[in-house]
Amino acid sequence: AISVCEEVDVPFTNIIKAVLLAKAKGTKKLEDALENSSLDEIPKLEKYLPILATIASVSTLLGFTGTVLGMINAFNSIAQAGTSSPSIVASGIAQALVTTAAGLLIAIPTIIFHHYFSNKIDKITRTIELKGKELIEFLVGR
């Protein structure tokens with residue numbers, strides 16, 4: 001089983017291998033091996049989640065910034081013309097809408113992927129915990 005775990009280098013097999021290597025050391029060492037190896041391996045699954053969260057946040061904020069700048073442009077056009085008409089504010093409002101749409105087009109799918117992968121990692125983590133405990137019970141002979 002250890003050699004199979006060494007052939008497949010993924011977090012789950014690395015955790016199982018750590019538990020198997022601690023077999024002769026008693027139940028407490030098996031549980032410690034499960035916990036410690038999980039603490040080492042789970043962050044590897046989560047390493048790209050902060051990047052997705054950052055992209056979602058920044059794209060939303062950039063879209064909002066463009067909206068504000070577009071509205072400033074529209075109001076400056078009104079101030080310079082001294083009157084208000086649709087043609088005077090159209091370019092500023094268009095700028096505001098384009099940047100808002102661009103920010104949302106980036107943020108929405110990024111948030112969806114972030115949630116998808118977060119839930120997937122949570123399921124994997126629960127499976128690792130459950131199967132690791134089952135392995136310990138098997139090895140101890142309970």
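At 1% relative accessibility, glycine 92 counts as buried (buried means under 20% relative accessible area, exposed over 50%, and partly exposed in between, with a 1.4 Å probe and protein chains only). Glycine 92 is found in helix α5. Helices here are DSSP runs of H or I with at least four residues, strands are runs of E with at least two, and both are numbered from the N terminus. The model is a predicted one, in which local features need pLDDT of at least 70 and side-chain atom pairs count only at pLDDT 80 or more, while totals for chains, interfaces and linings use all residues. Residues are numbered from 1 along each chain as its sequence is written, and side-chain values use heavy atoms, with hydrogens and water left out.

Helix α5 covers residues 86-140, 55 residues in total. From its first C-alpha to its last, α5 reaches 78 Å. That is close to the 81 Å expected at 1.5 Å a residue; the expected span is 1.5 Å times one less than the number of residues. The helix also has a kink of about 30°, centred on glycine 92. The bend at a residue is the angle between two fitted axes, one for the seven residues ending there and one for the seven starting there. In space, the C-alpha of glycine 92 lies 7.4 Å from that of isoleucine 72, although the two are 20 residues apart in sequence. Just after α5, glycine 141 takes a positive phi of about 90°.

The packing of α5 with helix α4 was examined next. Two packed helices are described by the angle between their axes and the distance between the axes. Helix α4 spans residues 49-81. It packs with α5 at an angle of about 170°, and the axes are 7 Å apart. Axes are lines fitted to C-alpha atoms, for helices over the stretch in contact, and angles run from 0 to 180 degrees between N-to-C directions. The two helices are therefore roughly antiparallel to each other (under 35 degrees is roughly parallel, over 145 roughly antiparallel, 65 to 115 roughly perpendicular, and the rest oblique). By class, the contact of α4 with α5 has 20 nonpolar, 17 polar and no charged residues. Nonpolar covers Ala, Val, Leu, Ile, Met, Phe, Trp, Tyr, Cys and Pro; charged covers Asp, Glu, Lys and Arg; the others, Gly among them, are polar.

Each of these two helices also carries an exposed residue of note here. In α4, leucine 62 is exposed at 56% relative accessibility. Its C-alpha is separated by 13 Å from that of glutamine 95, 33 residues away along the chain. In α5, isoleucine 112 is exposed, with a relative accessible area of 53%. The C-alpha atoms of isoleucine 112 and alanine 102, 10 residues apart along the chain, are separated by 16 Å.

Charged pairs come last. Side chains of opposite charge can pair when their charged atoms come close. A search of the whole structure finds 4 salt bridges, each a side-chain nitrogen of Lys or Arg within 4 Å of a carboxyl oxygen of Asp or Glu. One of them joins aspartate 32 to lysine 28, with the closest N and O atoms 3.0 Å apart. Both residues lie in helix α3 (residues 27-46), 4 residues apart, about one turn of the helix. Aspartate 32 is partly exposed at 23%, whereas lysine 28 is exposed at 57%.

Glutamate 129 and lysine 133 meet in a salt bridge of 3.5 Å, N to O. They sit 4 residues apart in α5. Glutamate 129 is partly exposed at 43%, and lysine 133 is partly exposed at 44%. Lysine 131 forms a salt bridge with glutamate 134, again with 3.5 Å between the closest N and O atoms. These two are 3 residues apart in α5, about one turn of the helix.
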